[in-house]
Amino acid sequence: MKKIIYRKATPKDYEGICKLRHQLLDDPEERLAVEYAPYNEKIDNPWIKKCLRSKRIVILVAEDSEGICAHSIVAVEKVPQRMLVYVTYKKKARLVHLYVAVNKRHQGIGKMLLKYTLKYLKEKGAEFVDLECYMRNDKAAALYKKVGFKDVFVEKRYDLKGKK
Ligand SMILES: CC(C)(COP(=O)(O)OP(=O)(O)OC[C@H]1O[C@@H](n2cnc3c(N)ncnc32)[C@H](O)[C@@H]1OP(=O)(O)O)[C@@H](O)C(=O)NCCC(=O)NCCS
């Protein structure tokens, strides 16, 4: 089995991450998110650059001998003092994206990177991690369940398009 390193990304990983994300263009699994505009590197790459320099957004990567083969993107939210009257937590995180290269899937990389991400966030003091997962994304849903995520609410949507 190839050795895989899990670590926090640095600005030096910009190209490797952009290369990985370029696969989003032709990835059928990504088409589940129909309301999002298709991947566009002219928009995505500058966003990745910004994330890599941000304190609030963290990118964690899995890397093997061929380069970066997966990433997770996490937004960490520290509740300002004045807002603490409204919520019961001080720091939480949102998993914005978990993505494994198409040819590296089903090898346990997604699960390992997710576990690494949770450990990293615990060390940073986050009290919980939340995320959105399409109900039809069975693979991701099975992975999250296996790692210990619980369903806490259901988002309902009523489609108004084509309705009178
Ligand atoms: C979802 C994704 C991250 C899984 O990554 P992966 O490296 O293939 O997953 P792993 O090999 O670590 O498998 C972890 C678990 O996922 C589930 N899983 C993986 N492949 C699966 C498949 N083909 N069918 C059903 N479940 C599957 C299983 O529960 C598996 O656990 P097990 O190995 O103990 O049986 C990857 O498919 C991906 O990047 N998909 C596109 C992006 C995406 O949908 N991200 C999630 C957004 S919410």
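This is a predicted model: local features need pLDDT of at least 70, side-chain atom pairs count only at pLDDT 80 or more; totals for chains, interfaces and linings use all residues.
I start with a helix pair: α1, residues 14-21, packs on α2, residues 41-53, at an angle of about 140°, and their axes are 10 Å apart. Axes here are lines fitted to C-alpha atoms, for helices over the stretch in contact, and angles run from 0 to 180 degrees between N-to-C directions. That angle makes α1 oblique to α2; under 35 degrees would count as roughly parallel, over 145 as roughly antiparallel, 65 to 115 as roughly perpendicular, and the rest is oblique. Helices (H or I, at least four residues) and strands (E, at least two) are DSSP runs, numbered from the N terminus.

Residues are numbered from 1 along each chain as its sequence is written.

Back to the first pair. On the α1 side the contact is made by Tyr-14, Ile-17, Cys-18 and Arg-21, and on the α2 side by Glu-41, Asp-44, Asn-45, Ile-48, Lys-49 and Leu-52. Two residues are in contact if their C-beta atoms, placed from the backbone, lie within 7 Å. By class, the residues of this contact are five nonpolar, one polar and four charged. Ala, Val, Leu, Ile, Met, Phe, Trp, Tyr, Cys and Pro count as nonpolar, Asp, Glu, Lys and Arg as charged, and the others, Gly among them, as polar.

Two loop residues go with this part of the chain. Pro-11 is in the loop between β1 (5-8) and α1. Is Pro-11 buried or exposed? Pro-11 counts as exposed, because 10 C-beta neighbours lie inside 10 Å. The scale is buried at 20 or more other C-beta atoms within 10 Å, exposed at 12 or fewer, and partly exposed in between, with C-beta atoms placed from the backbone. Leaving aside neighbours within four places in sequence, Pro-11 is in contact with Leu-52 and Arg-53. Pro-11 and Arg-53 are 42 residues apart in sequence, and 6.8 Å apart from C-alpha to C-alpha. Leu-52 also belongs to the α2 side of the helix contact.

Arg-31 has 11 other C-beta atoms within 10 Å, so it is exposed. From Arg-31 to Lys-150 the separation is 119 residues in sequence and 24 Å between C-alpha atoms.

The axes of α3 (109-123) and α4 (138-147) come within 10 Å and cross at roughly 45°. They are therefore oblique to each other, and the crossing is right-handed. The contact uses Gly-110, Lys-111, Leu-114 and Lys-115 of α3, with Leu-143, Lys-146 and Val-147 of α4. That contact has three nonpolar, one polar and three charged residues.

Next, the ligand. Which residues come nearest to the ligand? Of the 20 residues around the ligand, those are Arg-105, Gly-110, Lys-111, Ala-142 and Leu-143; a residue counts as near if its C-beta atom, placed from the backbone, lies within 6 Å. Gly-110, Lys-111 and Leu-143 are also among the residues of the α3 and α4 contact. β4 (91-100), α3 and α4 each supply at least two residues of the shell, and α4 gives the most, with six. The shell divides into eight nonpolar, five polar and seven charged residues.

In strand β4 sits Val-96. Val-96 has 15 C-beta neighbours inside 10 Å and so counts as partly exposed. Apart from neighbours within four places in sequence, Val-96 is in contact with Ile-73, Val-74 and Ala-75. The C-alpha atoms of Val-96 and Val-58, 38 residues apart along the chain, are separated by 9.8 Å.

Last, a backbone angle. Most residues other than glycine have a negative phi. His-106 is not a glycine, yet has a positive phi of about 60°. His-106 lies in the loop between β4 and α3 and is exposed, with 8 other C-beta atoms within 10 Å.

Key
A crossing is left-handed if the near helix is turned anticlockwise from the far one by less than a right angle, and right-handed if clockwise.
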